[in-house]
Amino acid sequence: MNYKGVIFDLDGVICFTDELHYLAWKALADRLNIYFDREINNRMRGVSRMDSLDILLERADREYSVVEKEAFAAEKNAIYADSLRQMSEKDVSDDVRNTLKTLKERGVRIAVGSSSKNAPLILERIGLDEMFDAVSDGNGLEKSKPDLEVFLKAAERLGLSPAECLVVEDALSGIDAGVAGGFATAGIGAAASYDKADYKLEKLSDILSL
Ligand code: BG6
Ligand code: MG
């Protein structure tokens, strides 16, 4: 590992909450009679809750007020948060767990860099709330990915410069944020084939040889 620090996105990298986001948005879209599929959902990866809602509403046949939109976002989040409460340590794969453990053993500093306001709850549910040296999440964030803010905060909290850190992301917006911040970037899942990513991962443990 040529990096002193690794900043991991949470949803879709550390755990598969990206699927739970999809199911919750799908439930809202179905209730509103708005077409929604996994391809549209892919555009929401890394993007804040309200920006994600705007993507969903692109296919609506009418405009909605700010108050209505806030109610929709709250409705989606209630469905999503309910599904998070079913999560446990079993929702972290051996590959993810071993990768984090190996990095720590090697003295590499690790952080979470997530747009999610639910990140603290998720980390607690999956038993990783004590694992990371720093957490930078959607709480208190002014701009969401593709803005670089979330990763800059994570690097700062690790006491490292962007050039010393690798960002691992499943979102195109997250790779863009990493590039904008001057970080090396590794794409996994939906971002594995993104040409802006410096590295393409099949599984998280592939970063151990970078
Ligand atoms: C990101 C997800 O991690 O968090 C996005 O990739 C999501 O899909 C965003 O919209 C915000 O999440 P939350 O939990 O604050 O609604
Ligand atoms: Mg993600």
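Contact here means heavy atoms within 4.5 Å, and buried means under 20% relative accessible area, with exposed over 50% and partly exposed in between (1.4 Å probe, protein chains only). This is a predicted model, where local features need pLDDT of at least 70, side-chain atom pairs count only at pLDDT 80 or more, and totals for chains, interfaces and linings use all residues. Residues are numbered from 1 along each chain as its sequence is written, chains are lettered from A and ligands numbered from 1 in the order in which they are written, and side-chain values use heavy atoms, with hydrogens and water left out.

- Helices (H or I, at least four residues) and strands (E, at least two) are DSSP runs, numbered from the N terminus.
- N77, at 15% relative accessibility, counts as buried, and it touches R49 and N118, not counting residues up to four places away in sequence.

**Magnesium site**

- D9 (OD), D11 (O) and D170 (OD) coordinate the magnesium ion (ligand 2) at 2.0 to 2.1 Å; donors are N, O and S atoms within 2.8 Å of the metal (3.2 Å for Na, K and Ca), and water is not among the atoms, so sites may look incomplete.
- D11 lies in the loop between β1 (5-8) and α1, and D170 in the loop between β4 (165-169) and α8 (172-181), so the pair ties together parts 159 residues apart in sequence.
- D11 counts as buried at 12% relative accessibility, and D170 does too at 2%.

**Nonpolar cores**

- A nonpolar core is a set of buried Ala, Val, Leu, Ile, Met, Phe, Trp, Tyr and Cys residues joined through side-chain atoms within 4.5 Å.
- The largest one has 35 residues, and F8, I14, L100, L128, F132, V168 and I207 have the most contacts inside it.
- Leaving aside neighbours within four places in sequence, L100 is in contact with F8, I14, I110, L128, M131 and F132.
- A second, separate core of 17 residues includes Y22, F36, A60 and F72.
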